[in-house]
Amino acid sequence: SSGGTGGNPLRLRSLFQLMMEFAPSLSQELALKGEIAEEMKKNPSVWEARPLSDKLLQYAANDAGVMLTLYDLLQPLVEKSGLGSVVKVASEAYADLFRDKAQRTFDRDETSATLPPLVLALSIAEL
């Protein structure tokens, strides 16, 4: 692994990977993410059932809280790298790929560990 401050700064990481790398002390949240990941492998439509289980609600709430924690941890690294504007534009372009999707497809762009070339090109053009 390239670590949190080395390697390709535009490499995508899952929320789970970021938690493992930058906030391993969040062991309860990590355990729940692993548990729900296994459940989603067995039943990909687990999020479609209503009402959502208490465990899924806790998972979603944990993700929201963890994202705020990770933002606070990663923001100084982004600023120090000098890539703040690139990260902002690339993140927005990447999110735009999924905003209008009714359902995830887990295609190459969703599962790739790097930003798709189109997003990278758009990001650089925006600068």
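Select helices α1 and α2: they pack at an angle of about 150°, with their axes 11 Å apart. Axes here are lines fitted to C-alpha atoms, for helices over the stretch in contact, and angles run from 0 to 180 degrees between N-to-C directions. The angle makes α1 roughly antiparallel to α2. The cut-offs are these: angles under 35 degrees count as roughly parallel, over 145 as roughly antiparallel, 65 to 115 as roughly perpendicular and the rest as oblique. Helices (H or I, at least four residues) and strands (E, at least two) are DSSP runs, numbered from the N terminus.

This is a predicted model, in which local features need pLDDT of at least 70 and side-chain atom pairs count only at pLDDT 80 or more, while totals for chains, interfaces and linings use all residues. Residues are numbered from 1 along each chain as its sequence is written, and side-chain values use heavy atoms, with hydrogens and water left out.

Stay with α1 and α2, whose crossing is left-handed. A crossing is left-handed if the near helix is turned anticlockwise from the far one by less than a right angle, and right-handed if clockwise. Show the side chains of Leu15, Phe16, Met19 and Met20 on α1, and of Glu29, Leu30 and Lys33 on α2: these residues make the contact. Contact means heavy atoms within 4.5 Å. By class, this contact of α1 with α2 has 5 nonpolar, no polar and 2 charged residues. For these classes, Ala, Val, Leu, Ile, Met, Phe, Trp, Tyr, Cys and Pro count as nonpolar, Asp, Glu, Lys and Arg as charged, and the others, Gly among them, as polar.

Next, select Gln17, which is found in helix α1. Is Gln17 buried, partly exposed or exposed? At 36% relative accessibility, Gln17 counts as partly exposed. Buried means under 20% relative accessible area, exposed over 50%, and partly exposed in between (1.4 Å probe, protein chains only). Draw a distance line from the C-alpha atom of Gln17 to that of Leu30: the two atoms are separated by 9.7 Å, and the residues are 13 apart along the chain.

Which residues make the contact of α1 and α3? On α1 they are Leu15, Leu18, Met19 and Phe22, and on α3 they are Asp63, Val66, Met67, Leu70, Leu73, Leu74 and Leu77. By class, the contact of α1 with α3 has 10 nonpolar, no polar and 1 charged residues. The crossing of α1 and α3 is left-handed.

Select Asp63 in helix α3. Asp63 is buried, with a relative accessible area of 13%. Leaving aside residues up to four places away in sequence, Asp63 touches Leu15 and Lys33.

The α2 side of the contact is Glu29, Leu32, Lys33, Glu35, Ile36, Glu39 and Met40, and the α3 side is Lys55, Leu56, Gln58, Tyr59, Asn62, Asp63 and Val66. The residues of this contact divide into 6 nonpolar, 2 polar and 6 charged. The crossing of α2 and α3 is left-handed.

Move to the loop between α2 (27–42) and α3, and select Pro51 there. The peptide bond from Arg50 to Pro51 is cis, with omega near -5°.

How many aromatic pairs does a search of the whole structure find? The search finds 1. Select Trp47 and Tyr59: their pair is tilted, with 5.5 Å centre to centre and 50° between the planes. Rings of Phe, Tyr and Trp (its six-membered ring) pair if their centres lie within 6.5 Å; planes under 30 degrees apart count as stacked, over 60 as edge-to-face and the rest as tilted. Trp47 lies in the loop between α2 and α3 and Tyr59 in helix α3, 12 residues apart. Trp47 counts as partly exposed at 28% relative accessibility, whereas Tyr59 is buried, with a relative accessible area of 11%.

Finally, show the whole chain, which has 6 helices and 0 strands. Of its 127 residues, 20% count as buried.
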